[in-house]
Amino acid sequence: MEAKEITIRVPAEAAQRYESASEEKRRKLNALLGIWLSEADRPTRPLYEIIRDASEQARRNGLTQEKIDDL
């Protein structure tokens, strides 16, 4: 899959956590955000389903619920 860099506004604390994260954690966060953004424009599914499915996929890729909660 082709990747493209984008800029988004987030709270300063979120940006600081991302910037100080390890490369592996950044990779996982990028994947999770990519999933959420890919699904967000599909109006046929409620947002809570999108978030639930993205979280499940992230866990399958090694991002535990504890790590998700820490974000």
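Modeller: Let us begin with accessibility: a residue is called buried under 20% relative accessible area, exposed over 50%, and partly exposed in between, using a 1.4 Å probe and protein chains only. By that scale Glu24 is partly exposed, because its relative accessible area is 48%. Please keep in mind that this is a predicted model, in which local features need pLDDT of at least 70 and side-chain atom pairs count only at pLDDT 80 or more, whereas totals for chains, interfaces and linings use all residues. Residues are numbered from 1 along each chain as its sequence is written, and side-chain values use heavy atoms, with hydrogens and water left out.

Colleague: Which residue forms a salt bridge with Glu24?

Modeller: A salt bridge here is a side-chain nitrogen of Lys or Arg within 4 Å of a carboxyl oxygen of Asp or Glu. Glu24 has such a bridge with Lys28, where the closest N and O atoms are 3.0 Å apart.

Colleague: Is Lys28 buried or exposed?

Modeller: Lys28 counts as buried, because its relative accessibility is 12%. Contact means heavy atoms within 4.5 Å, and, leaving aside neighbours within four places in sequence, Lys28 is in contact with Asn61, Gly62, Leu63 and Lys67.

Colleague: How many salt bridges does the structure hold?

Modeller: The structure holds four salt bridges. One of them joins the side chains of Glu13 and Arg17 at 3.4 Å, N to O; these two residues lie four apart in helix H1 (residues 12–20), about one turn of the helix. Arg17 is partly exposed, with a relative accessible area of 42%. Elsewhere, the side chains of Arg52 and Asp53 meet at 3.1 Å, N to O, and Arg52, Asp53 and Glu56 are linked in a network of salt bridges. Arg52 is partly exposed at 41%, and Asp53 is partly exposed at 26%.

Colleague: Which residues make up the largest nonpolar core?

Modeller: In soluble globular proteins, nonpolar side chains tend to be buried together. A nonpolar core is a set of buried Ala, Val, Leu, Ile, Met, Phe, Trp, Tyr and Cys residues joined through side-chain atoms within 4.5 Å. The largest one here has five residues, namely Leu32, Ile35, Ala54, Ala58 and Leu63, and helix H2 (23–40) and helix H3 (47–60) each supply at least two residues of this core. Not counting residues up to four places away in sequence, Leu32 is in contact with Ala54, Ser55, Ala58 and Leu63, while Ile35 touches Ala54 and Gln57. Ile35 lies in helix H2 and counts as buried, because its relative accessibility is 17%.
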